[in-house]
Amino acid sequence: MTDTRCGYVALIGAPNAGKSTITNNFVGSKVSIVSPKAQTTRTTIKGIGIYDKTQIIFLDTPGIFAPKRRLDRAMVASAWNGFSDADINVLVVDAKRGMNEETSAIIDELIKKDAHAVLAFNKIDLMTEEELQTLKEDFENVFNFDAVFMFSAQSGDHITDFYQYLADNLPESPWLYPEEQMSDMPLCYLAAEVVREKLFLNLRQELPYALTVEPELWEHKDDGSIRAEMTIYVERDGQKTIILGKNGSMIKKIGQSAREELEELLEERIHLFLYVKVRENWGNDPARYSDWNLNFKA
């Protein structure tokens, strides 16, 4: 019998509940992009770390919402697939939003599936003790959760009890990944996700949903640096103009911000080159879904 534990923990919830922030907090490094805009995560991303003698593999799933487009449907399907693959499922709730329509629909689905789940209230620093107690009672009245935790993933306050619970309740098993590994995402795709995050942070509300970023080159140079080439695909010429900005100012700003973050993450010098191209209707291209491990037919 092994004295180590290992298993998968699926983080599910409405968009912007803080699933990616939890994953990054636990891993201690960015493996999943974060932005104030909803639906940033497009596919299930693994964040891997050790707590006590347990290797916890977080499945950071896309936010679950009422899908309107093919890509939306594929993202929601990816989230529920992560749920079905996990040893422990965690419903992450933005405490300030509470029982909104999206979270209520997720709980209805949990009831239909006769599922087990842990409840994690995130962003509690915005709430009073009295408000949190009322919120806890409201949720426990509609679903029998295995455990309830309240914390701020952003600051890390009160989150260690949550990690300890996961470490104690995952199955006895050898670790599945090397101790130092933080994700199974290739570095070129992590870099593309960082670029996409910067696009989310710098562009107006709707445009980031109309673009995708694809790695074209990830080359280690003789001097120890990395040459990375990324293509940003948009659906229309007008979107390309916005991303480039006046005299290329916006694309330069995004590239510089992404490069600086990548150099800090990887502790290597990065030469980052960004290109913007129009690919009409890329959201209905099966090849794009394959790249993200999404089901085109969802």
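A: Two strands are taken as paired here if DSSP finds at least two bridges between them. By that criterion, in this predicted model, S1 and strand S4 (residues 88-94) pair in the parallel sense, with 4 bridges between them. One of the positions concerned is Val9, which stands opposite Ile88 in S4. S1 also pairs with strand S3 (residues 54-60): the two run parallel and are joined by 7 bridges. Val9 has a bridge partner on this side as well, namely Phe58 in S3. Strand S1 itself spans residues 5-12 and is mostly covered, since 6 of its 8 residues are buried. Cys6 is buried, its relative accessible area being 3%.

A separate part of the description concerns the open sheet of 3 strands, ordered S7-S8-S9, in which the pairing is mixed. Strand S7 (211-220) and strand S9 (270-278) stand at its edges; each has a single partner strand, so one side of each is left without a neighbour in the sheet. On average, and with direction ignored, neighbouring strands of this sheet are turned by 20° against each other. Strand S8 (residues 226-234) runs parallel to S9, and 9 bridges join the two. Within this pair, Ile226 stands opposite Ile270 in S9. Helix H8 (residues 249-266) packs on the sheet and touches S7, S8 and S9, with its direction at about 140° to that of S9.

Another helix, H6 (residues 187-202), lies across S7, S8 and S9 and runs at about 140° to S7. Glu193 has its place in helix H6. Is this residue buried or exposed? Glu193 counts as buried, because its relative accessibility is 14%, whereas the limit for that class is under 20%. Along the chain, Glu193 and Thr212 are 19 residues apart, and their C-alpha atoms are separated by 9.2 Å.

For reading side-chain directions in such strands, one general point applies: in a regular strand the side chains alternate between the two faces of the sheet.

Key:
Residues are numbered from 1 along each chain as its sequence is written. This is a predicted model: local features need pLDDT of at least 70, side-chain atom pairs count only at pLDDT 80 or more; totals for chains, interfaces and linings use all residues. Side-chain values use heavy atoms; hydrogens and water are left out. Buried means under 20% relative accessible area, exposed over 50%, partly exposed in between (1.4 Å probe, protein chains only). Axes are lines fitted to C-alpha atoms, for helices over the stretch in contact, and angles run from 0 to 180 degrees between N-to-C directions. Contact means heavy atoms within 4.5 Å.
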